[in-house]
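I opened this model to look up a few things about its architecture. My notes are below.

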Amino acid sequence: MQQEITPIAVRPWTLNGISERMLVSHYENNYGGAVRTLNAVRADLAALDAGAPGYRLRALKREEIIAMGSVTLHELYFGNLGGEGNKIPDRARTILEEHFGSVGAWRREFVGTARSLAGGSGWVLLTYSRRQRRFWNQVATNHTQAAVDAAPVLVLDMYEHAYHMDFGANATAYIDAFMRNIDWAAVIYRMDAVRADRSLPLEDPSDKALPSLSVEELAAQLAKGEPVQVLDARPRHHISRTVDLMEGAIWRDPDRVDEWIGELAPDRPVAVYCAYGFHVGCSVTKTLRERGFDARYIRGGISAWYATGGSRALRPDAG
Ligand SMILES: [Fe+2]
């Protein structure tokens, strides 16, 4: 089964002291790379014939668990950013006090463990042991070291790609910024889920009420030659910072729908994307649907498209 890209869960332009550029690069290149690797490894596994030597199967299974770990940990990492980290809600405080003695004791160990990875790489996780029914902080020096029978509820990426662009080698400043941006509501949701023996929720911010397409579905439609009209509806201020868009797409200003709506073929479906799939693409899609078009927005926007390795084209007006 193909692993689909999950749209970035956090609004990347909203973080305090962590740049949109770094977060999006992390999502598209490192997370996207892990998803692409996982799909490639699974395809190789499926194609392996029964007579293949054990070392080939073993090597692929090793690569599979590395990519599986990276995919899930990155999704959890993006999903636990975007809040006011220093305002820990009472519900989380109570749980941390119960399992660590005090919030301060939890924080000292979590942050201290993260600092111990400065200059190296790995993950720091506040994790729940289902078997022992307790929370604890764990360190993972690679993607495969998540504890047995455990569910991470707070995930901190300590690989240099997570901070070098903004902070250079100053891992301490990055850790401080991460702590300021923890989304405790997401963490509490996970805590409740794992304590009730439910699976960890997927933090997918997509609007479920509006018809949409995943980037993989769009790619399949385009590969089949379906006559879909792909519309780039990123705001003018966003598109002015970039020189490329999805191959085959046309950019139109989302604030001036009335000026260009007549250019669209009314009998062909329209796929609308914005930067990340939060609201601009959705609002243009809504407008087009109200005007009778078979329009859908693309979940995760062009960032999810790039994360799958989707092709890009130079904007016609970009020198
Ligand atoms: Fe990462």
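**Domains.** I am working with a predicted model. I looked up the domain assignment before anything else. It gives domain 1 as residues 12-195 and domain 2 as residues 212-314. I took the centres over C-alpha atoms and got a separation of 31 Å between domain 1 and domain 2. How many residues of domain 1 are in contact with domain 2? I found 8 in domain 1, in contact with 6 residues of domain 2. On the domain 1 side, the residues that touch domain 2 divide into 5 nonpolar, 1 polar and 2 charged.

**Helix α1.** I turned to α1, which covers residues 20-47 and has 28 residues. From its first C-alpha to its last, α1 reaches 39 Å. That is close to the 40 Å expected at 1.5 Å a residue. Where does α1 bend? I located the bend at G32, and it is about 30°. G32 is also on the list of buried residues in α1. Others on that list include L23, H26, Y27, E28 and Y31. Further along α1, A34, V35, L38 and V41 are buried too. I then checked what covers these buried residues of α1, and the cover includes α2 (54-79) and α12 (301-307).

**The sheet.** Next I traced an open sheet of 5 strands with parallel pairing. I read its order as β4-β9-β8-β5-β7. Which strands sit at the edges? They are β4 (212-213) and β7 (250-251), and each pairs on one side only. I went through some of the pairings in turn.

- β4 and β9 pair in the parallel sense over 2 bridges. Here L213 stands opposite I298 in β9.
- β8 and β9 also pair in the parallel sense, over 3 bridges. A271 stands opposite R296 in β9.
- β5 (residues 229-232) and β8 (residues 270-273) run parallel and are joined by 4 bridges. Q229 has V270 in β8 as its bridge partner.

I looked at the side chains of β9 (residues 295-298) as well. A295 and Y297 point one way, while R296 and I298 point the other way. Are these residues buried or exposed? All are buried. In a regular strand the side chains alternate between the two faces of the sheet.

**Helix α11.** I moved on to α11 (residues 280-290), where V280, G281, C282, V284, T285 and L288 are buried. What do they pack against? I listed α10 (257-260), β8, β9 and α12. After α11 comes G292, and I noted its positive phi, near 95°.

**Residue Q221.** Last, I picked Q221, which lies in helix α8 (residues 215-223). Why does Q221 count as partly exposed? I counted 16 C-beta neighbours inside 10 Å. A residue needs 20 or more to be buried and 12 or fewer to be exposed, so Q221 falls in between. Leaving aside neighbours within four places in sequence, I found Q221 in contact with E226 and V228. I also checked Q221 against G17. The two are 204 residues apart in sequence, and their C-alpha atoms are 39 Å apart in space.

Terms used. Residues are numbered from 1 along each chain as its sequence is written. This is a predicted model: local features need pLDDT of at least 70, side-chain atom pairs count only at pLDDT 80 or more; totals for chains, interfaces and linings use all residues. The expected span of a helix is 1.5 Å times one less than its number of residues. The bend at a residue is the angle between axes fitted to the seven residues ending there and the seven starting there. Two residues are in contact if their C-beta atoms, placed from the backbone, lie within 7 Å. Domain bounds come from an automatic or database domain assignment. Ala, Val, Leu, Ile, Met, Phe, Trp, Tyr, Cys and Pro count as nonpolar, Asp, Glu, Lys and Arg as charged, and the others, Gly among them, as polar. Two strands pair if DSSP finds at least two bridges between them.
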